[in-house]
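Please examine the sequence and the structure displayed below. The paragraphs that follow lead through a few parts of it in turn.

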Amino acid sequence: MENNRTEILQELEAELASLKEKVRAFEDKLEAFRQFPQEETVEESDFTDMEIGVPDLPEPEPVVEPEPEPVLEPEPVPEPVEEPVVEPVEEPEPVLEPESIPEPVEAPEAPKPTPVPRPETERLPWRLDKPGMSVKNLRSGISLYDRALFIGTLFKEDYALYDKTISELNALSSLDEAVDYLLERFPDWNLKSDIVYNFMMAVRKKLG
């Protein structure tokens, strides 16, 4: 495209230089014509030879301007979406139901053996004599002096044994049970001695 334009311009410049020569020749003729007498006329043929031939110039190619590139608008940046803060849901602690405690099944009480009357004690004085005023607790039926005497002789200075024996005798309900209990645990007692008499009379205040 650029070479074509250059060639056209060169042709135009050559034509223009030729035209300038013709114009200059025409001006010379015109000046000479002015110097001729007025009567003389100039034939038309003199001017026809002076016709200026203007070559047909090729129409310049239209300059195609490049289309402007479309301006791309920047894509809108989406606003950051705040995620909702999800608070942890505290799960309620499971309520543990108390385990059902089975009610204790009371074992049927074993029938207490019926005390067997002991013939050897039937005629002893502590069985026949009246014991005096009854008491609800065997401990209150024994004086301080007798307690020291019983611990020193019958229980061989063992206060714990004495205290346990009194507690178990308090839980009995009859004199025969008390006699069986004492004969089983203290078989060496002399049932006819005065010290045993005093002890058994205290027991009878509680058990009759």
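Glu157 is found in the loop that joins H5 and H6. The model shown here is predicted, and in it Glu157 has a positive phi of about 65° although it is not a glycine. Such a value deserves attention, because most residues other than glycine have a negative phi. Is Glu157 buried or exposed? A residue counts as exposed when its relative accessible area is over 50%; Glu157 has 63% relative accessibility and is therefore exposed.

Lys156 belongs to the loop between H5 and H6 as well. Its phi is also positive, at about 55°, although Lys156 is not a glycine. With a relative accessible area of 62%, Lys156 is exposed.

In soluble globular proteins, nonpolar side chains tend to be buried together. The largest nonpolar core of this model has 29 residues, and Leu169 and Phe199 touch the most other members. At least two residues of this core come from each of helix H5 (144-153), helix H6 (159-170), helix H7 (175-185) and helix H8 (194-207). Which helix gives the most to this core? That helix is H8, with eight residues.

If residues up to four places away in sequence are not counted, Phe199 touches Phe150, Leu154, Phe155, Ile166, Leu169, Leu182 and Trp189. Leu169, one of these contacts, is the residue named together with Phe199 as touching the most other members of the core.

Helix H8 can now be considered as a whole. The buried residues of H8 are Ile195, Val196, Phe199, Met200, Met201, Ala202, Val203, Arg204 and Leu207. What covers these buried residues includes helix H4 (125-128), H5, H6 and H7.

The two ends of H8 complete the account. Ser193 lies in the loop between H7 and H8. A residue is buried when its relative accessible area is under 20%; Ser193, at 18% relative accessibility, therefore counts as buried. A polar atom of the Ser193 side chain lies 3.4 Å from the backbone nitrogen of Val196, and Val196 is itself among the buried residues of H8. At the other end, just after H8, Gly208 takes a positive phi of about 85°.

How values were computed:
Residues numbered from 1 in each chain as written. Predicted model: local features only at pLDDT ≥ 70, side-chain atom pairs only at ≥ 80, totals over all residues. Heavy atoms only, no water. Core = buried A, V, L, I, M, F, W, Y, C linked by side-chain atoms within 4.5 Å. Buried < 20%, exposed > 50% of the residue type's maximum accessible area, 1.4 Å probe, protein only. Helix = DSSP H or I, 4+ residues; strand = E, 2+ residues; numbered from the N terminus. Contact = heavy atoms within 4.5 Å. Polar contact = N/O pair within 3.5 Å; in protein donor to acceptor, adjacent residues only side chain to side chain.
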